[in-house]
Amino acid sequence: MKSIKNILTIFTLSICVLVNAQQTPAPIQKEIVTIHGATAHIGNGSIIENSIITFENGKLVAVADAKTSKIALRGNIIDATGKHVYPGFIAPNTTLGLVEIDAVRQTRDQDEIGDMIPNVRSLIAYNAESKVTESLRPNGVLLAQITPRGGTISGTSSIVQLDAWNWEDAAVKVDDGIMLHWPSTYKRGRWWLGEPRGYHPNEKYTDKVNEIKDFIANSNAYGKSTPAKTNEAFKAMQGLFSGEQKIYVYANGEKEIIDAVSILKEKGIEHIVIVGGYDAYKVSDFLKSNKISVLIQRVHTMPNNDDEDYDLTYKLANLLVNDGVLVALQSSGQMEGMNTRNLPFYAGQLVGQGMDKEMALQLITNNPAKILGLDNQYGTLEVGKSATLFISEGDALDMRTNILTRAFIDGRDISLESHQTELWIRYSDKYSEEE
Amino acid sequence: MKKITLLCFLLLSINQIVAQEHFPKNTELKTENNNYTAFTNATLYITPTEIVKNGTLLIQNGKIIGVGKSVSIPENTIIIDLEGKYIYPSFIDPYSGFGVAIPKKAKREQSPQYETKRNGFYWNDHIMPQNNAIDKFKYESKKADELRKAGFGAVNSHIMDGISRGTGVLIALNDQGNNADRILNDTSGQFFSFKKSVASRQSYPTSLMGSIALLKQLHYDADWYAKGNSETKDLSLEAFLSNKNLSSFFEAGDKGNDIRADKIGDLFNHNYIIIGGGDEYESIESIKATNAQYIIPINFPKAIDVSNPYATKHLTIEEMRAWNQAPMNPKVLAENDINFALTTYKLEKVSQFNDKILKAIKYGFDKTKALEALTTIPAEMLGQSDKLGTLNTGSYANFLITSGELFTKETLIYENWVQGNKNVINSKDQKDIRGTYTFSTAGKTYDLIISGKPSKLKSEVKIDSIKYPSKIVYKENWLALSFTDKESNEVYRSTSNISKEGKNISGKIVLPNGLKSSFVAISKTPSETKEKESKDKNTKEALEVVPMSYPNVGYGFMELPKPEKILFKNANVWTGEEDGVLAETDVLINNGRIEKIGKDLNSGNAQIIDATGKHLTAGIVDEHSHIAILAGNEAGQHSSAEVTIEDVLDPEDIDLYRNLAGGVTTIQLLHGSANPIGGQSAIIKPRWGSDAEGLLYKDAPKFIKFALGENVKQSNWQSFSRFPQTRMGVEQLYVNYFTRAQEYEQEKKSGKAYRYDEEMEVLAEILNGERFITCHSYVQSEINMLMKVAERFDFRINTFTHILEGYKVADKMKEHGVGGSTFSDWWAYKYEVNDAIPYNAAIMSNAGVTVAINSDDAEMSRRLNQEAAKSVKYGGMTEEEAWKMVTINPAKLLHLDGDIGSIKEGKSADVVLWSDHPLSIYAKAEKTLIEGAVYFDIEKDKLKREAIKQERNKLVQMMLLAKEGGEKTRTLVKKDKIKMTCETIN
């Protein structure tokens with residue numbers, strides 16, 4: 001036993017040592033920057049082929065077509081002719097910074113004990129110096145919603161930008177939403193515990209729904225008076241009733257989605273977002289009429305049923321978009337932290353399924369900004385918004401051409417290096433020297 | 001109704017037990033009953049095909065003495081006239097656990113148990129040939145009664161536990177006698193299965209492929225032991241050897257396992273009698289080719305409750321078809337001349353047996369074949385044809401007396417005689433009084449309806465539509481009927497002795513005031529009930545069998561694809577050769593090969609596909625995958641070189657089709673990474689629609705999976721008892737095994753007697769350069785180590801798979817001559833991938849290592865083109881080099897580059913037509929060809945989707961109707977498919 005303990009200690013220490021190899025966050029923007037000549041992908045569906053983009057003090061002050069408007073090139077001028085400029089991609093619903101290494105328990109902080117714990121906050125556990133975080137930036141992912149997991153009400157999420165000294169610096173929107181896992185009408189038999197294999201009807205579905213109803217009703221009642229004794233959990237729910245916070249509901253089936261939306265609305269919660277939404281396309285009219293947006297499940301996954309179209313998961317978003325539902329992409333699932341850097345390629349996959357490129361781009365820029373309530377600052381290249389953007393050699397939705405040369409968060413000129421690029425250089429050098 | 005003359009003197013059973021001759025009697029005087037019993041005027045099914053009308057069956061002392069038209073009846077004979085009735089031999093159930101308890105489940109322990117806990121027996125606890133069912137046998141009267149009611153007179157039982165289960169016992173279902181009479185054979189056969197014993201928790205085997213390997217090794221070891229080579233005693237092997245000549249029964253359990261069991265048998269010249277699964281109709285050709293005898297359960301799947309429309313999304317066509325098609329299994333087997341018996345095994349209740357048989361008959365199962373499957377065939381399997389299964393002279397007096405021909409709904413079994421002892425199932429002497437009557441009493445006229453089973457009648461007493469509660473008891477020709485007048489709440493009771501003559505019922509009725517008066521119920525209709533008619537009607541309507549496909553699941557082919565002559569016109573051809581990408585070029589496919597590449601090729605009679613603006617490439621080769629297999633890991637030992645993935649292919653896995661839709665045409669299915677020396681791999685082509693054998697890449701080189709790091713030292717789960725627990729131990733394990741393999745080879749070559757060891761044979765193949773290693777690897781130290789071990793034993797590692805730190809030792813890899821098959825960008829999922837970088841492929845490639853990008857994942861494998869494209873981003877690889885990483889490079893690593901991996905004249909026509917640049921995220925595979933046959937076509941896929949929609953709807957409707965028609969349904973359960981990766985242990 002002692003030896004195991006020792007091993008664990010050494011293990012933990014070694015992780016600490018490795019984490020030190022972090023990129024230094026960029027300082028605040030001091031000089032005006034102008035990028036010209038690039039094809040600007042605004043993020044709202046439109047493009048400017050020969051653009052001039054200027055930002056100052058972290059804000060966009062000009063986004064214009066060089067052909068039609070004469071704007072002076074000011075400050076630090078970057079010639080991006082033949083290149084592309086995009087708003088920074090936004091990754092909703094990820095455990096980035098909460099989990100460093102999936103298989104190592106010591107590095108997992110996404111799931112707290114307890115079934116309804118909205119007062120548990122992801123932000124304070126967010127590791128701004130995660131090696132996974134820095135590996136996202138070279139692919140254009142610059143903002144993320146950090147979400148706790150597990151239980152029924154997992155806790156409260158926050159939105160961060162991905163180049164920071166610490167979680168306070170990182171925070172873009174604190175405690176933006178509460179994560180609710182709606183029960184499923186079918187439940188997986190835990191065969192490894194001797195239960196029959198397969199998904200069986202969940203006998204406790206209604207009970208669980210009632211528990212959620214009770215909890216929300218109690219939270220609501222709690223907020224209507226000044227209670228003598230504090231209930232942190234109820235207190236943490238108040239933003240939902242005031243409309244300041246959103247509820248993110250993990251639900252996949254038609255019944256589950258309809259139940260969740262109907263019940264939450266009835267309980268006085270205004271902003272509801274469906275997360276997962278595998279069958280959402282089957283109830284798109286309902287979602288549209290209730291103005292419910294969807295963070296659709298990871299594009300690169302398998303269909304649930306053998307009889308379904310092989311490419312169903314590749315086009316779930318398309319089906320919803322075609323029906324007029326507001327959709328954004330997300331990456332939760334296996335190895336999600338590291339896979340979040342593939343967000344642009346998930347959008348690219350939708351184009352292969354027939355979606356317009358600029359529309360697909362919106363699903364990782366403007367749409368998540370709207371859904372997460374960031375659209376006054378982020379998500380598009382529009383004057384007045386944050387200068388959170390990047391320059392790519394080519395089409396950023398295709399992996400061959402998603403090659404970033406520069407990236408800015410709030411106008412700060414951030415590093416595109418990482419522990420991975422460092423190793424790449426180190427070993428490339430080793431072999432070239434050997435030659 | 002014909003007049004029935006009954007000469008029945010004895011209502012009680014005639015005890016015809018053969019007295020145990022050598023037993024003295026002290027409690028009474030010893031006597032013997034040597035009288036005969038003759039059954040006359042019956043239709044005799046002496047055998048299923050030898051039928052005698054108006055024949056006589058003569059029995060004495062539990063045996064048949066005479067049968068036929070002209071049987072001379074001795075004077076001391078009791079004669080039973082069976083005019084209008086039928087006699088059949090009683091059924092035999094050849095596969096049962098009757099009277100033999102299954103052992104208790106062993107308790108779970110903290111750490112896995114790797115070694116045996118027994119003394120003097122075989123090294124694996126799940127091998128128990130020394131077990132004899134007779135030692136545990138306890139006659140179960142209640143179960144015997146159930147079986148007799150279904151028509152059975154004998155069952156073959158054994159201990160239903162373990163892989164090698166020992167001997168069985170054949171029992172007559174004779175309640176009157178004792179074991180001395182009942183036990184017909186106490187070593188009725190040897191029994192096997194693929195399932196481990198519940199009585200031991202010894203880890204090995206954890207998988208189906210492990211069970212197969214273990215059974216093979218058991219045979220090898222027995223052979224070695226028989227030759228006197230062992231210096232120690234092994235009671236298991238001794239028992240196995242001494243029972244060698246008995247019939248061997250193998251519980252396989254489904255069509256795939258039927259073939260797996262048969263293959264083991266073939267290896268050792270052993271004809272197993274295979275216990276199937278009821279799905280044999282789906283691959284009847286392969287089943288037929290086994291030439292084996294079968295025992296087939298008839299537990300046809302229940303209809304699924306589809307009343308909740310939201311839940312039907314969880315259903316698959318595969319499951320719905322099984323409900324619709326499986327009852328035709330016996331018919332299909334019979335029509336293909338497969339010798340098979342039927343069993344009650346797997347039925348929820350034995351009482352369902354007759355309904356299931358009727359269902360099979362309705363699906364076209366021939367009645368004569370059915371009778372054979374229940375009598376002569378099982379008798380023959382058990383080597384008891386002279387004693388069981390017919391009415392021939394000398395057989396046990398095991399027979400059924402029925403009201404008519406068997407296997408019709410109306411026919412009743414009256415009596416089931418076992419060893420000359422009568423067992424009444426339905427009284428044959430009792431008149432059938434089912435029907436509608438009318439009677440008057442106390443000034444009111446009532447209607448009386450008698451229905452239900454003859455053995456359990458139901459009554460209904462009513463005036464117009466008002467029903468009065470009533471009770472009916474009908475026994476030994478006495479009818480007792482009582483009912484309650486609802487208005488007055490008074491009870492009327494009647495008793496009547498049913499006369500043989502006439503249709504009316506007459507007797508006495510006791511009025512509520514205690515007075516008696518006469519009771520006459522006048523018959524209104526013949527004894528056919530409406531209920532029955534309507535039920536028959538319902539079932540007739542339901543009999544529509546949907547067509548099968550290859551494989552018999554969604555997206556299956558109605559007709560298997562065949563090689564075509566195709567000319568792709570004006571494509572951008574990615575040759576993967578020196579020619580690079582050829583614009584606007586034609587490629588002619590013929591006879592499964594790439595016949596010609598060039599401009600403006602003559603089409604001849606080829607089908608022309610306009611590929612203008614599209615891209616034609618070689619099919620993708622996935623060096624590392626785990627789709628379409630039933631088991632991924634044999635984790636029960638630290639070396640499992642003896643197991644092979646080829647044994648556990650699942651040709652019905654939808655992932656095969658989905659891989660085709662991603663342009664994949666060759667796949668190496670690897671063993672997992674649970675142990676340093678894993679199992680042999682299977683190289684396949686995803687020929688959707690073929691059987692397991694048909695998936696295999698013909699004459700492919702042999703490979704085996706090795707593994708290093710966290711998984712083999714079991715550091716990510718609770719297991720602290722298996723060597724190795726560190727990377728240091730891993731090296732020593734290899735050294736130990738390879739040294740032993742060398743010594744094994746020397747021993748073998750020396751000509752001395754040696755113990756054939758499948759594991760050592762496989763390892764020796766590696767040493768001899770006949771088998772290649774693909775090794776799961778992550779960190780540089782262990783990668784370096786394995787290369788050094790190999791060099792020490794004078795061979796080379798072929799491929800490092802995963803190889804995420806390959807970039808740190810790329811120069812050493814190049815020098816050793818090993819290739820790398822890696823992920824494009826995976827990392828952060830475990831500690832040992834901390835330094836995994838997406839630039840790995842590019843760095844290794846630059847260093848001159850042959851690099852492939854693999855999937856190890858069913859989802860990623862269908863878009864490996866995109867994964868290859870990531871190396872353009874990470875490391876700046878050229879597009880052509882990137883593309884090679886999923887085609888010609890993995891083909892090289894598999895030593896198949898002479899045949900596949902590039903577009904070159906003469907190579908296999910494994911090609912993909914892409915809608916766009918194949919490395920583009922926007923590209924879709926439009927056509928995927930394997931050896932010139934179109935296995936995926938995006939246009940045909942659309943048609944399949946539509947067909948699936950329609951068939952699903954149709955089957956759901958059929959199930960709804962079936963439910964309405966009274967069919968029992970089961971709750972809808974969604975399949976839990978396990979997505980396999982290296983780490984999956986199941």
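Analyst: In this predicted model, helices α4(B) and α5(B) are roughly perpendicular to each other. Helix α4 of chain B covers residues 208–226 and helix α5 of chain B covers residues 235–242. Their axes come within 10 Å and cross at roughly 90°; because angles of 65 to 115 degrees count as roughly perpendicular, the pair therefore receives that description.

On the α4(B) side, the residues that meet the partner helix are L218(B), D221(B), A222(B), Y225(B) and A226(B). Facing them in α5(B) are L237(B), F240(B) and L241(B). By residue class, this contact of α4(B) with α5(B) divides into 7 nonpolar residues, no polar residues and 1 charged residue.

As for the setting within the chain, chain B is divided into five parts: domain 1 (1–90 + 389–423), domain 2 (91–246), domain 3 (435–525), domain 4 (558–619 + 901–938) and domain 5 (620–898). The C-alpha centres of domain 1 and domain 3 of chain B lie 36 Å apart.

Chain B also meets a partner chain: 52 of its residues are in contact with 46 residues of chain A. On the chain A side, at least two residues each are supplied by strands β10 (186–188) and β11 (199–201) and by helices α7 (254–266), α10 (336–339), α11 (343–352) and α14 (419–434). The largest share, 7 residues, comes from α14(A). The residues on this side of chain A divide into 21 nonpolar, 14 polar and 11 charged.

Note on methods:
Residues are numbered from 1 along each chain as its sequence is written. Chains are lettered from A and ligands numbered from 1 in the order in which they are written. This is a predicted model: local features need pLDDT of at least 70, side-chain atom pairs count only at pLDDT 80 or more; totals for chains, interfaces and linings use all residues. Axes are lines fitted to C-alpha atoms, for helices over the stretch in contact, and angles run from 0 to 180 degrees between N-to-C directions. Helices (H or I, at least four residues) and strands (E, at least two) are DSSP runs, numbered from the N terminus. Angles under 35 degrees count as roughly parallel, over 145 as roughly antiparallel, 65 to 115 as roughly perpendicular and the rest as oblique. Two residues are in contact if their C-beta atoms, placed from the backbone, lie within 7 Å. Ala, Val, Leu, Ile, Met, Phe, Trp, Tyr, Cys and Pro count as nonpolar, Asp, Glu, Lys and Arg as charged, and the others, Gly among them, as polar. Domain bounds come from an automatic or database domain assignment.
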